[in-house]
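Hi there,

Here is the structure I promised to pass on to you. Have a look at it first, and my notes follow below.

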Amino acid sequence: MAQTMKKKTRKLSPVAKIATTIFGVAVLAFSGIMITNSVKELLSTAQLNRELNTAQEQLDTIKSEQASLNNEKARLQDPAYVQNYARGTQLVSKSGEQVFILPKSDKSE
């Protein structure tokens, strides 16, 4: 008694076929919109991360400059440093002292 089983297929009515097709298109459209929005968000996040890294580098540079300027400020509050600085860069001399400007030697010879 070998019976062959036939699979019964149910035929959809034309209205059900249209409804199924519309539902499928709607799901695909919704999926496409969601994927597009996700990609936009990922690109936006990557751009913001690049801007954050640039801003962090600028902040680090400014902090380094601030530390250098604070160090210079502390040195400029020392009268001996100011005197030596003025004598070395502005050719300021003490009374009775002569300043000689020596030519720069050419080391390439």
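Predicted model: local features only at pLDDT ≥ 70, side-chain atom pairs only at ≥ 80, totals over all residues.

Let me begin with Leu-43, a residue of helix H1. Its relative accessible area is 57%, and Leu-43 counts as exposed because the cut-off for that class is over 50%. Leu-43 also belongs to a nonpolar surface patch, together with Ile-35 and Val-39.

Now the overall picture. The protein chain has 2 helices and 0 strands. Its C-alpha trace spans about 130 × 40 × 30 Å along the principal axes. The radius of gyration is 41 Å, whereas a compact globule of 109 residues would have one near 13 Å.

For the protein chain, the accessible surface is about 10,800 Å², and carbon and sulfur atoms account for 61% of that. As for burial, 0% of the 109 residues count as buried.

Helix H1 covers residues 14-76, and Ala-26 is another residue with its place there. Ala-26 has a relative accessibility of 43% and is therefore classed as partly exposed, a class that runs between 20% and 50%.

Next, the charges. How many salt bridges does the count come to? The count is 1. The partners are Arg-75 and Glu-72, and their closest N and O atoms are 2.2 Å apart. That pair qualifies because the cut-off is within 4 Å. Where do Arg-75 and Glu-72 sit relative to each other in helix H1? They are 3 residues apart there, which means that about one helical turn separates them.

Both partners are partly exposed: Arg-75 has a relative accessible area of 36%, and Glu-72 has 22%. Glu-72 does not count as buried, because that class requires a value under 20%.

That is what I have for now. Happy to talk it through whenever you like.

Best wishes

Note on methods:
Residues numbered from 1 in each chain as written. Heavy atoms only, no water. Salt bridge = Lys/Arg side-chain N within 4 Å of Asp/Glu carboxyl O. Helix = DSSP H or I, 4+ residues; strand = E, 2+ residues; numbered from the N terminus. Buried < 20%, exposed > 50% of the residue type's maximum accessible area, 1.4 Å probe, protein only. Patch = residues over 30% accessible without salt bridge, like charges linked within 9 Å, V, L, I, M, F, W, Y side chains within 5 Å. Areas by Shrake-Rupley, 256 points an atom, 1.4 Å probe, with all protein chains shown as cover. Rg over C-alpha atoms; globule rule 2.2 N^0.38 Å.
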